[in-house]
Amino acid sequence: MKTKIEELEQQIITLTTMIQQEFPELSTFILEMRDNNSDKEAVNLKNLEEYYNSLKELANKYMLTHVEKKPNTDENC
């Protein structure tokens with residue numbers, strides 16, 4: 001059985017892959033986002049949730065303004 005952290009990690013991988021494939025122009029912004037593997041701070045559930053939510057927000061806002069009839073990221077991840 002997967003832990004919540006493992007589930008979030010998988011969702012982040014899935015969402016990041018979708019963004020890179022569907023919206024490669026956003027890859028720059030993903031690289032600029034806070035690094036969740038920072039030496040200063042341990043990766044924990046809260047960090048992963050915040051990172052996942054920021055990825056979803058980035059993709060959703062972009063789709064609203066740049067893309068017609070693309071699926072919502074909530075349905076994909």
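The legends below describe several close-up views of a predicted model.

View 1. The secondary structure of the chain comes to four helices and zero strands, so that the order of elements from the N terminus on reads α-α-α-α. Of the 77 residues in the chain, 27% are buried, and the accessible surface comes to about 5600 Å², with 51% of that area belonging to carbon and sulfur atoms. Among the contacts with a separation of 6 or more, 60% are accounted for by residues 24 or more positions apart.

**View 2. Confidence along the chain.** The average pLDDT of the chain is 81, and 74% of the residues score at least 70. Confidence is highest in helix α1, with a mean of 92, and lowest in helix α4, which spans residues 73-76 and has a mean of 58.

**View 3. The largest nonpolar core.** This core holds 15 residues, of which I12, L15, M18, I19, F23 and L55 touch the most other members. In soluble globular proteins, nonpolar side chains tend to be buried together.

**View 4. I19, a buried residue of helix α1.** I19 is found in helix α1 and is one of the residues that touch the most other members of the largest nonpolar core. With a relative accessible area of 0%, I19 falls under the 20% limit and therefore counts as buried. When residues up to four places away in sequence are not counted, I19 touches P24, L26, I30, L55 and A59.

**View 5. I5, a partly exposed residue of helix α1.** The place of I5 is also in helix α1, but its relative accessibility is 33%, and because this value lies between the limits of 20% and 50%, I5 counts as partly exposed. Leaving aside residues up to four places away in sequence, I5 touches N44, L45 and L48. The C-alpha atoms of I5 and N47 are 9.9 Å apart in space, and these two residues are separated by 42 residues in sequence.

**View 6. The salt bridge between K46 and E50.** The count for the model comes to two salt bridges, and one of them joins K46 to E50, with the closest N and O atoms 3.5 Å apart. Both residues lie in helix α3, four residues apart, which is about one turn of the helix. K46 has a relative accessible area of 56%, which is over the 50% limit, and it is therefore classed as exposed. E50, in contrast, has a relative accessibility of 38% and counts as partly exposed.

**View 7. The salt bridge between K61 and E57.** The side chains of K61 and E57 meet in a salt bridge with an N to O distance of 2.8 Å. These residues too are four residues apart in helix α3, so that about one helical turn separates them. E57 has a relative accessible area of 43% and is partly exposed.

Definitions and conventions
Residues are numbered from 1 along each chain as its sequence is written. This is a predicted model: local features need pLDDT of at least 70, side-chain atom pairs count only at pLDDT 80 or more; totals for chains, interfaces and linings use all residues. Side-chain values use heavy atoms; hydrogens and water are left out. A nonpolar core is a set of buried Ala, Val, Leu, Ile, Met, Phe, Trp, Tyr and Cys residues joined through side-chain atoms within 4.5 Å. Buried means under 20% relative accessible area, exposed over 50%, partly exposed in between (1.4 Å probe, protein chains only). A salt bridge is a side-chain nitrogen of Lys or Arg within 4 Å of a carboxyl oxygen of Asp or Glu. Helices (H or I, at least four residues) and strands (E, at least two) are DSSP runs, numbered from the N terminus. pLDDT is the predictor's confidence in each residue, from 0 to 100. Contact means heavy atoms within 4.5 Å. Accessible areas come from the Shrake-Rupley method with a 1.4 Å probe; for residues, only the protein chains shown count as cover.
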